[in-house]
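Please keep the structure open beside you as you read.

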Amino acid sequence: MGKIKRETFERLWNRWNRERRILTLKAGLMALLPLLCCIAACAAQGGSLSQVYLPSSEWNDELFYYKQVEGILSHGYPQGYFGFNESHALKLSFAAWSPVLVWPWLLHGLIFGWNLMAPVYSNILLLTVAVFLFVLLTKPGWKQLGLMALLFCCFWPYTRYMLCGMPEIICFSMLIIYWGLLIHTAEKETGGKLALLFLLGGVMTLMRPYLILFLLAPAFLWIRRQRTIGIVGSLAVMGLTAGGYALIKHYLGAEYFTPLFKTEWLEPFGQGHILGGIKGVLAKIYYEGRTFFALTLQGLKSGLAEGAFFAVYLALLLILLWQCLTDFLRKRKKQALLNGYLAFCFFSMWMALLLMYKMKEGSKHLLTFMAVGILAVALMETRFYKKAILIGALCVYLFWYRGDQPGDYQIYFVQAERVAQVQQWEEILGRELSLREEDAPNFDNVVIWTFSDVLENSESGETVLTDWQALYALPEGWGVSCCYREYVEENLERLQSLYLAIPVGGQLQSRCEELGMEQIGQDGRVCVYRTR
């Protein structure tokens with residue numbers, strides 16, 4: 001009898017080890033995709049991964065993120081203010097977005113150092129870890145793994161955002177890990193997993209406030225286990241998290257040119273006009289919804305980036321709703337709850353877009369939801385995998401066939417002219433700028449970057465953009481204030497920032513010369529003056 005028990009145990013042990021090895025193999029294969037997609041995409045556009053070069057990009061947010069991380073790593077926080085029209089945070093020196101957003105880059109910089117390729121390599125590593133853990137947690141079959149790999153390759157934003165200095169991949173990766181853990185928790189719930197879900201959801205909320213939606217799942221699970229304690233504890237966690245974000249935004253966020261969120265629709269409620277407020281909300285959803293669907297149609301016809309995002313987003317939402325209904329009818333309760341919950345998050349974010357965000361900027365916030373929605377579709381238990389094939393075909397059509405807008409689909413590689421410009425300014429700024437670390441942060445450590453200027457001898461008022469990419473050459477710890485031309489022109493004699501970067505040959509340069517400002521450097525496109 002003892003021999004039989006031992007043989008049974010050994011057979012089960014060997015089977016478990018075999019399943020674990022196969023699962024690890026699946027996760028390892030999936031983990032190869034981020035790097036392979038980046039290499040293939042770079043080759044398709046005539047370059048290589050090592051040639052990706054942030055100063056060649058036209059996305060100016062990348063400059064802000066890069067220099068802020070650099071300032072944190074070198075001095076604890078930037079010694080000059082980051083802001084807009086010389087706005088600055090009440091405390092320290094960060095721009096409008098939560099500094100919690102870039103914490104994985106800070107960790108990467110501490111371990112591997114920080115340079116122009118660091119954000120790209122960090123993005124690739126983060127998404128690699130995310131999909132590896134996702135497979136380990138969700139245990140997909142071989143067909144599901146194949147669909148997951150196929151949809152990953154088709155969904156262009158995965159690859160595009162790995163190859164840039166934007167933090168979207170950080171959000172993608174954290175939500176992918178969260179969703180894998182939630183699926184794993186649905187199979188076998190433990191207190192430790194719930195705590196980890198709360199932790200991930202809380203950190204994501206401190207990064208982007210709308211991700212508070214993902215605190216609802218662990219709250220539901222906790223309340224189901226311990227009704228009273230779960231309700232009190234969940235409300236406490238969500239309240240502390242929301243309050244933490246509010247404090248970060250209030251004290252550590254610089255005022256943007258315009259409010260980041262549209263909140264005028266809340267005013268009637270604050271005045272006690274509940275019915276009028278409801279009518280206003282419905283009217284706003286209707287009119288913004290018309291714009292949303294018009295852009296979606298334009299995306300389907302011409303590949304307009306935001307319209308393409310909207311089309312894929314709606315397709316994912318409809319599929320999640322349909323699958324939730326199907327799972328419910330077939331009495332697959334866990335799958336119905338998971339798909340229904342993700343559909344709820346999709347719908348809620350859609351309403352938030354219509355009520356609070358600008359369409360173009362807001363479209364990028366939908367990508368985080370789409371990044372996990374793609375993987376959720378791949379895991380759906382369907383007979384012929386029509387839903388996954390439909391999403392894959394839609395992504396190929398919109399992102400690979402129609403997608404031809406340089407700003408959203410082009411990978412920016414090293415350019416000899418841009419490299420020479422950055423090197424020239426590194427020499428100039430390294431020689432002329434002296435970081436003042438006492439009473440920091442301060443405006444003596446700030447360079448204004450003016451969006452554009454009007455050419456001096458232009459009869460038609462022709463404008464020229466400032467080559468802001470030259471500011472990658474700023475020494476570590478310096479701040480950047482992005483300013484409209486009108487603000488600089490109106491306040492030229494009383495600017496707080498010590499340095500001003502403007503286009504060569506514009507009216508602002510002429511005025512700087514008239515005021516006797518000292519020019520510390522100039523190339524063929526941009527010049528920098530000391531304002532006092």
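Below are short notes on the nonpolar cores, the cavities and the pockets.

This is a predicted model, in which local features need pLDDT of at least 70, side-chain atom pairs count only at pLDDT 80 or more, and totals for chains, interfaces and linings use all residues. Residues are numbered from 1 along each chain as its sequence is written, and side-chain values use heavy atoms, with hydrogens and water left out.

**Nonpolar cores**

- A nonpolar core is a set of buried Ala, Val, Leu, Ile, Met, Phe, Trp, Tyr and Cys residues joined through side-chain atoms within 4.5 Å, where buried means under 20% relative accessible area with a 1.4 Å probe, counting protein chains only.
- The largest core holds 151 residues, and those touching the most other members are Tyr-158, Tyr-178, Trp-179, Phe-214, Phe-369 and Phe-399.
- Helix 13 (residues 305-329) gives the most to this core, with 13 residues; helices here are DSSP runs of H or I, at least four residues long, numbered from the N terminus.
- Leaving out residues up to four places away in sequence, the contacts of Tyr-158 include Leu-127, Phe-152, Ala-371 and Leu-375, with contact meaning heavy atoms within 4.5 Å.

**Cavities**

- On a 1 Å grid over the protein atoms alone, a cavity is a set of points where a 1.4 Å probe fits but cannot get out, and lining residues have an atom within 4 Å of a point.
- Three cavities of 30 Å³ or more are found in the whole structure; grid points are joined across faces, edges and corners, and a volume is the space filled by probe spheres set on the points.
- The largest cavity has about 70 Å³ of space, and its lining includes Tyr-65, Phe-94 and Trp-97.
- The second largest cavity has about 50 Å³, and helix 6 (156-162) supplies the largest share of its lining, four residues.

**Pockets**

- A pocket is an open set of points with protein on both sides within 12 Å along at least five of seven lines.
- The largest pocket has a volume of about 1100 Å³.
- Its lining has 36 residues, and the closest to its centre are Asp-61, Trp-97, Tyr-256, Glu-361 and Lys-364.
- Helix 15 gives the most to the lining of the largest pocket, with four residues.
- The second largest pocket has a volume of about 450 Å³, and helix 7 (168-187) provides the largest share of its lining, five residues.

How values were computed. Buried < 20%, exposed > 50% of the residue type's maximum accessible area, 1.4 Å probe, protein only. Helix = DSSP H or I, 4+ residues; strand = E, 2+ residues; numbered from the N terminus.
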